[in-house]
Amino acid sequence: MDDFMIMLPCGKGREQMVEQQLQLIWTSVILTFLDCVTFPKFLYHQHDLSYVYLSHNNLTGEFPNWLLDNNTYLDELVLVNNSLTGPLHLPTHYHQNLTSLDISNNFFHGNIPKQVGAYLPMLSTLNISINDFDGRIPSSIGDMKELSFLDLSYNKLSGEIPEHLAKSCINLRYLVLSNNSLEGQIFSAANFNLKYLMRLQLDGNQFIGKIPKGLSNSSSYLRGLYLGDNHLSGRIPSWLWNMSELVDLTMPNNHLEGPIPPEFC
């Protein structure tokens, strides 16, 4: 048997039973709603895991980078809605197989490691939302060529969106940066290459300037554009009307001026 799943709440007694049953080598581990505050001991002895899902368990402690060090073929690591804290520790060596990392809704803090893109280059999904990360968005995220989903919302991030991200993450479909303290121009037209973008959430920041025309490069795919609660200025561009797939457009609480383009009426 290669996989193990349990989705029942448990106290110390049942947690011990789970530990006793997991003496074999597993490739997938899904443990949820266990209400166990420490990582199960059996995980420290696994070296062939490909999928680890440990969400909604009230786990405490720091990011388990030892899981990445011990399991070089780990494909997905999901630790949603726990009580984990401390910085995001990178693995000791570059991890070439991890495609999905979701540590949202915890208490992680500190800067996102500058070399996150170099050490986790194959990520297609990165979700670190609803934590306490601060500092700037690392430019190395632009090295994640397979990245399609990036959610950094509800943190304390500052600075500008890295040009390397906007130019090199060509497979990005979802970019969610809401409710941080990001600033500056949204994108420059010369460095915007996110032509497959389907959802862009930048609301709740401190962006300035005009709505960039570079967004028209995503006209064939963009379905949701959320720019509210910033400091954007200028007129609402009429070219937004040419975005054939756009169904959600919100821009409240900015400094936009002029009439609403007649194309929107």
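L175 touches L150, L165, F187, L194, L197, R199, L200 and Q201, leaving aside residues up to four places away in sequence; a contact means heavy atoms within 4.5 Å. L175 is also, with L77 and F187, among the residues with the most contacts inside the largest nonpolar core, which has 68 residues. The model is predicted, so local features need pLDDT of at least 70 and side-chain atom pairs count only at pLDDT 80 or more, while totals for chains, interfaces and linings use all residues. Residues are numbered from 1 along each chain as its sequence is written, and side-chain values use heavy atoms, with hydrogens and water left out.

**The nonpolar core**

- A nonpolar core is a set of buried Ala, Val, Leu, Ile, Met, Phe, Trp, Tyr and Cys residues joined through side-chain atoms within 4.5 Å.
- Buried means under 20% relative accessible area, exposed over 50%, and partly exposed in between (1.4 Å probe, protein chains only).
- The largest nonpolar core has 68 residues; strand 2 (28–31), helix 2 (65–70), helix 3 (116–119) and helix 4 (163–168) each supply at least two residues of this core.
- Helix 2 gives the largest share of this core, three residues.
- Helices (H or I, at least four residues) and strands (E, at least two) are DSSP runs, numbered from the N terminus.
- In soluble globular proteins, nonpolar side chains tend to be buried together.

**Parallel strand pairing**

- Two strands pair if DSSP finds at least two bridges between them.
- Strand 9 (residues 132–136) pairs with strand 11 in the parallel sense over three bridges, and R136 has S158 in strand 11 as its bridge partner.
- Strand 11 pairs in turn with strand 13 in the parallel sense over two bridges, where S158 stands opposite S181.
- L157 and G159 form the covered face of strand 11, and K156 and S158 form the uncovered one.
- Strand 13 (residues 181–184) and strand 15 (residues 206–209) are joined in the parallel sense over two bridges, with E183 opposite Q206.
- Strand 15 also pairs in the parallel sense with strand 17 (residues 231–235), over two bridges, and G209 has L232 in strand 17 as its bridge partner.

**Loop residues**

- Y154 is in the loop between strand 10 (149–151) and strand 11 (156–159), and Y154 is partly exposed because its relative accessible area is 48%.
- Y154 touches I130, N131, S178, N179 and N180, not counting residues up to four places away in sequence.
- Y154 and N179 are 25 residues apart in sequence and 4.9 Å apart in space, C-alpha to C-alpha.
- N81 lies in the loop between strand 4 (76–78) and strand 5 (85–86); N81 has a positive phi of about 60° although it is not a glycine.
- N81 is partly exposed, with a relative accessible area of 31%.
- N253 is in the loop between strand 18 (248–250) and strand 19 (255–257), and N253 has a positive phi of about 60° without being a glycine.
- N253 is exposed, with a relative accessible area of 56%.

**The cavity**

- A search of the whole structure finds one cavity of 30 Å³ or more; on a 1 Å grid over the protein atoms alone, a cavity is a set of points where a 1.4 Å probe fits but cannot get out.
- About 30 Å³ of space lies in the largest cavity, a volume being the space filled by probe spheres set on the points.
- The largest cavity is lined by L31, L34, C36, T38, P40, L54, N57 and L59; lining residues have an atom within 4 Å of a point.
- This lining divides into six nonpolar, two polar and no charged residues, where Ala, Val, Leu, Ile, Met, Phe, Trp, Tyr, Cys and Pro count as nonpolar, Asp, Glu, Lys and Arg as charged, and the others, Gly among them, as polar.

Definitions and conventions: On a 1 Å grid over the protein atoms alone, a cavity is a set of points where a 1.4 Å probe fits but cannot get out, and a pocket is an open set with protein on both sides within 12 Å along at least five of seven lines; lining residues have an atom within 4 Å of a point.
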